[in-house]
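Please read them with the structure open.

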Amino acid sequence: MYRIGIDIGGTFTDLAAVDEHGRVVIAKTSSTPADPSEGLLEGLNVLAGELGLDRAALLARTERIVHGTTVATNALLESKGATVALLTTEGHRDVIEMREGLKDDRYNVRMAPPVPLVPRARRIGVRERMRADGTASTPLDATSLATALADVEKMGVDAVAVCYLHSYRNDEHEAATGRALAEQLPGVYVSLSSAVLPQIKEYERVWTTVVNAYVGPVVSSYLSRLSGKLLDAGYAGDVLIMHSHGGVAPVEQSSRLAAGAVLSGPAGGVAAGVYASRLLREPNVITFDVGGTSTDISLLQNGEAHLTSDKKVGIAKVSLPSLDIHTLGAGGGSIARVAGNILHVGPESAGAVPGPACYGRGGELPTVTDANVVLGLLDPDRFLGGRMALDVDAARAAVGRIATKLGTSVVDAAQGIWKIVNTTMAEGTRIVSVRRGVDPRRFALVAFGGAAGVHATAVARLLGINRVVVPNVASVLSAWGMLASDLRFELVRSHLDAAARMSAAGIRDVLASMECEARERLAGFSGEVVVRRSLDMRYGEQISEINVPIDGIELDGPTAIDDIVARFHKRHEELYSYNAPGQEVAVVNARVAVIGRLPEVRAEALRVPAAGPLRSTSRRVYLDRWVDVPVYQLDDLPPGGRIPGPALVESPTTTVLVREHEHTSITPHGWLDIDLAAM
């Protein structure tokens, strides 16, 4: 029986099938942006072919599919979501435009305000008012609500977001509005803030609720269509959707909380990074995921990924818990251009269609992939295992236009593109490390994604990192990592007060109540259940919080509050390299995550073959000068083998560059462990 992970990116759709022994078979096909499910089904055909099966036979032997999707992300970034109306407390319909009084470039007086997802004409005030303590100062006015619903009906919207003041404390008015909407507008998608994000801070709550309404119809329609196609193809098992917090959830839950899947795809790579950290016994890891469109970077400390509730996707703020991933517009499809006699690379991408010029699909703009072809880093005859030939002449012609503008040679222009994108990737890595007081030199770089291999060691050198690890399934590691994820449900409850005025018993009771509610969502799950408890805390004068895990603290003990405060100080220093023990500490939110452990995915340990020289071919590559370097096939490398640089290591779906003075060891699982310390 197989478990299949599927990651749909902007350029390629990646699939990984794992059997009960940990054996992995992978496939990679072009994405189909018009309907991602078509590329997914084609990927299943290719995957089945790799296993010597047809698609129906593969699906009949598949027990679980885990899917990471960019449908919600693309709807936000491309402004192709649903038509949304917003019902909110009378007098508060402009909160979404006020943006907390801030703008992205605060000193730019000519900066135009972003266009909100819901225009003012579709934002309607309803007469009602809850106080912060959960009591109603103004009951929900039936006439005002009826008028608002009539207006919404005339607008012909696809979705309605409902966000009333202090509904996180008492959801009575929102629940009544939701029932009225279901009765009067039965085909409309309804997003209630008390269900989406029941926590303090009005701006974050209204934005997240609106985002959920904006992407909800698109995501639910896609998941319904995909489920139907898989059923027609012969699959009757579970389909789980990757969520931004690194866990998975069923299709029905994912349709209701569509905003939770906004960072679905990159989350699989971080989940794989956590697994790799354990496998390598390397607690401090930077995940470096380079695809065709973007680079996703995350920091893992002590084998754990960080969660954040402060993410922006385009103009939209999404305050649901999500893995702390920094995304750059730098990938294999990033377009190079010259402006003011200066070479720039990205963030615009050629995507899957038309793609880089070397794909031969009509693209003419020079990209990072075209530069890598010109430099000899990619074998034009073996791309995607030989299923797709690269057009070297088209790549040279595209890069040649950059060379003409810069007055240099084609090769120098290609190398310039390569170096600039490396610098961009290194700067992105510094954002998640150095800017937070963390020294990247203490970390190993785990590089994956189809385009990471030819950039990873160069980026590591720029950062002073001495260890780079490339898994043998690097090109589809995000899809593989999704299979290492568990069912996960997150609950939050606002509880604002100074820590010194709180009782440990009060915190314990709140968390116990939340745990009971969260466990109900796992009703029917028969596996191991793990509960994680945390508090959002800040210094009294701060306006943003950090999440502080409190597992292991005895809440019945006499020093419980002191222990919680001490843990906050420690966590603050870990994140920002300082703390302030003398300042008042406030608790803002209580959080509970209930995790249903799914069967673990094992990485297959490879058999050790007989000793002997490593077989290689040769290719001419430009590494500051043209040199002939040995080319090894990744699948042929024995565990324990060593490769000195310079060299190239190829698989059907990725290429890894090992530069001079770098030494590569093959791990027992067939991964490349590259040592840069000798350089």
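Which residue follows α14, and is its phi positive or negative? The residue after α14 is G464, and its phi is positive, near 75 degrees.

1. Basis. This is a predicted model, in which local features need pLDDT of at least 70 and side-chain atom pairs count only at pLDDT 80 or more, while totals for chains, interfaces and linings use all residues. Residues are numbered from 1 along each chain as its sequence is written, and side-chain values use heavy atoms, with hydrogens and water left out. Helices (H or I, at least four residues) and strands (E, at least two) are DSSP runs, numbered from the N terminus.

2. Helix α14. Six of the eight residues of α14 (residues 456–463) are buried, so the helix is largely enclosed by the rest of the structure. Buried means under 20% relative accessible area, exposed over 50%, and partly exposed in between (1.4 Å probe, protein chains only). The buried residues are A456, T457, A458, V459, A460 and L463. Their cover includes β13 (285–290), α13 (410–432), β23 (444–448), β24 (467–470), β33 (654–658) and β35 (672–675).

3. Nonpolar cores. A nonpolar core is a set of buried Ala, Val, Leu, Ile, Met, Phe, Trp, Tyr and Cys residues joined through side-chain atoms within 4.5 Å. The largest one has 137 residues, and F288, V468 and W480 have the most contacts inside it. Helix α13 gives the most to this core, with nine residues. Apart from it lies another core, of 62 residues, among them V95, V206, A213 and V251. Leaving aside neighbours within four places in sequence, F288 is in contact (heavy atoms within 4.5 Å) with residues including M425, L445, F448, A456 and V459.

4. Parallel sheet. An open sheet of four strands has the order β6-β5-β9-β10, with parallel pairing; two strands pair if DSSP finds at least two bridges between them. Strands β6 (123–126) and β10 (189–192) stand at the edges, each with a single partner strand, so one side of each is left without a neighbour in the sheet. The twist averages 20 degrees from one strand to the next. Four bridges join β9 (residues 159–163) to β10, and A159 has Y189 as its bridge partner in β10.

5. Helices on the sheet. Helix α5 (residues 142–155) lies across β5 (84–89), β6 and β9, at about 165 degrees to β6. Helix α6 (residues 172–184) lies across β5, β9 and β10, at about 165 degrees to β9. Axes are lines fitted to C-alpha atoms, for helices over the stretch in contact, and angles run from 0 to 180 degrees between N-to-C directions.

6. Aromatic pairs. Rings of Phe, Tyr and Trp (its six-membered ring) pair if their centres lie within 6.5 Å; planes under 30 degrees apart count as stacked, over 60 as edge-to-face and the rest as tilted. By this rule the count is six aromatic pairs. Y539 and F568 form an edge-to-face pair, 4.8 Å centre to centre with 70 degrees between the planes. This pair links distant parts of the chain, with Y539 in β26 (residues 529–539) and F568 in α17 (residues 560–576), 29 residues apart. Y539 is buried at 2% relative accessibility, and F568 is buried at 0%.

7. Backbone points to check. The peptide bond from G346 to P347 is cis, with omega near 5 degrees, and P347 lies in β22 (residues 342–349). R281, not a glycine, has a positive phi of about 55 degrees; R281 is exposed, with a relative accessible area of 77%.
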